Amino acid sequence: MKALQASTSYSVGFGISSVAPPPIPSHHHRHLIVAKVEPTEKSVEVMRKFSEQYARRSGTYFCVDKGVTSVVIKGLAEHKDTLGAPLCPCRHYDDKAAEAQQGFWNCPCVPMRERKECHCMLFLTADNDFAGQDQTISSEEIKESTSNM
């Protein structure tokens, strides 16, 4: 079985850019503050229940690696808290707030609703190599999978 790697904007800010920043003159100081936004437990629970319900309704399954499912659910919850909508956490947006208002990438996104194509690997069809057999995930599984993030 292939190894999986979750790719979400939930962990954006910790990536490495291949482009070096311009040199900083010695008389200037650059301060970088990186804050990790944790979604509320309530939002994580709302997104967990939504994900389970949508998987059942759409006939899709969670990834065999529940860590992928956990990261995506937590990313959706963080966007729900900060943007008011569960914007797909696995894409880059120049303006997240504008994208959330447009609704195209709000979960379930249009590609998922129309063609059952889930970029995040949250909702997988049974024929997908990474699909598990579960349409449920517990709060404990989410906490355990994301505790060291």
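Tyr93 sits in the loop between helix H2 and helix H3 (96–102); helices here are DSSP runs of H or I with at least four residues, and strands are runs of E with at least two, numbered from the N terminus. The model is a predicted one, in which local features need pLDDT of at least 70 and side-chain atom pairs count only at pLDDT 80 or more, while totals for chains, interfaces and linings use all residues. Residues are numbered from 1 along each chain as its sequence is written, and side-chain values use heavy atoms, with hydrogens and water left out.

With a relative accessibility of 7%, Tyr93 counts as buried (buried is under 20% relative accessible area, exposed over 50%, partly exposed in between, with a 1.4 Å probe and protein chains only). Leaving aside residues up to four places away in sequence, Tyr93 touches Leu87, Cys88, Glu99 and Trp105, a contact being heavy atoms within 4.5 Å. A polar atom of the Tyr93 side chain lies 2.7 Å from the backbone oxygen of Cys88.

Lys74 belongs to helix H2 (residues 66–83). Lys74 is buried too, at 9% relative accessible area. Its side chain makes a polar contact of 3.1 Å with the side chain of Glu38 (a pair of N or O atoms within 3.5 Å; within protein, one must be able to donate a hydrogen and the other to accept it, and residues adjacent in sequence count only if both atoms are side-chain atoms).

| Residue | Relative accessible area |
|---|---|
| Lys74 | 9% |
| Tyr93 | 7% |

Both Lys74 and Glu38 are among the residues that line the largest pocket. A pocket is an open set of points on a 1 Å grid over the protein atoms alone, where a 1.4 Å probe fits, with protein on both sides within 12 Å along at least five of seven lines; lining residues have an atom within 4 Å of a point. The volume of the largest pocket is about 200 Å³, taken as the space filled by probe spheres set on the points, which are joined across faces, edges and corners. Helix H1 (41–58) and helix H5 (139–146) are the elements that give two or more residues to this lining. H5 gives the most, with 4 residues.

The chain as a whole has 5 helices and 0 strands. Buried residues make up 39% of its 149 residues. Among contacts between residues at least 6 apart in sequence, 69% join residues at least 24 apart.
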